[in-house]
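Visitor: Hi! Could you walk me through this model?

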Amino acid sequence: MDMKPLLPPVTVNGVTISPERIAAEAQNHPAPKGKPGLAWKAAARALALREILLQEARARGLTAEPAELAPGQWETEDEALIRQLLDQAIAPETPDEAALRAIYDAHPDRFRAPSLYEAAHILFPAAPGDQAARDAARAAAAQVLGELRAAPRRFAELAARHSACASKDSGGLLGQLSSGDTVPEFEAALATIPEGEIGAPVETRYGIHLIRLDARAEGAVLPFDAVLPHLREAREKADWVTASRDFTAALVAKARVTGVTLGAGAEGGAA
């Protein structure tokens, strides 16, 4: 007796995307445990969209010219065709300087030079996935913080005794730090702890930190001319993304696709 396929065939303008290709692609699309159908649908959508773009590239007579992405690493022919298609089809307008100036004027505080900090810390190490170690590190940090609240001058002594960072040999001192020098959680704490004080325990991928902020110099607002190139680049990227989505949506709208849903609402559905 013939068995009906569990999943409908996926075709794009009459071209069938084999179940084997979809199964292989599904490995790149994580899905919640027990819902492998979500990974299959995501893979089928990705391959169908790729096929639509490749068909358009070939219809335009494009010939793949793979670019070198890194030393010895080259695009595949399909990747090159899709890149060349988008380069040919998408030409975002040059951002208007007056509009960029309006963005700058509306939020000048977003355009500051990096802030500088001088800080010290005590690190109680714990791997991110080790809940027992995390709990133990929090308890140890809370105990040491209590000692520091009672005697802040013991910071160097307690850092030497408890910290898992090499800075313990210099009393926990980290020297001068700039924006981007530390993980985001640590930097966020540096931005909020009052100067000369020890903040509440801070959790990062490395463990639990007790941080003393010795000094903070907030970066000055940069002049418009200094940030204009960055504003222009950000707007060009955003405009390119919007234009590429519109271009792709137009191709999807006129394509004949079976077996999978593309476009708005395609991410929904049960496994």
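Visitor: How is the chain divided?
Guide: Into domain 1 (10–93 + 231–258) and domain 2 (116–217); the bounds come from an automatic or database domain assignment. This is a predicted model, where local features need pLDDT of at least 70, side-chain atom pairs count only at pLDDT 80 or more, and totals for chains, interfaces and linings use all residues. Residues are numbered from 1 along each chain as its sequence is written, and side-chain values use heavy atoms, with hydrogens and water left out.

Visitor: How far apart do the C-alpha centres of the two domains lie?
Guide: 46 Å.

Visitor: Which residues touch the most other members of the largest nonpolar core?
Guide: Val-10, Ile-17, Ile-22, Ile-52 and Phe-247, out of 27 residues. Such a core is a set of buried (under 20% relative accessible area, 1.4 Å probe, protein chains only) Ala, Val, Leu, Ile, Met, Phe, Trp, Tyr and Cys residues joined through side-chain atoms within 4.5 Å.

Visitor: And which helix gives the largest share?
Guide: α2, with ten residues.

Visitor: What is Ile-17 in contact with?
Guide: Leaving aside neighbours within four places in sequence, Ile-17 has contacts (heavy atoms within 4.5 Å) with Val-10, Val-12, Ile-22, Leu-47, Ala-48 and Glu-51. There is also a second, separate core of 15 residues, including Phe-155.

Visitor: Switching topic, where is Arg-212?
Guide: In strand β8 (residues 207–217), a strand being a DSSP E run of at least two residues, numbered from the N terminus. Phe-155 is one of the residues Arg-212 is in contact with, beyond its neighbours within four places in sequence.

Terms used: Buried < 20%, exposed > 50% of the residue type's maximum accessible area, 1.4 Å probe, protein only. Helix = DSSP H or I, 4+ residues; strand = E, 2+ residues; numbered from the N terminus.
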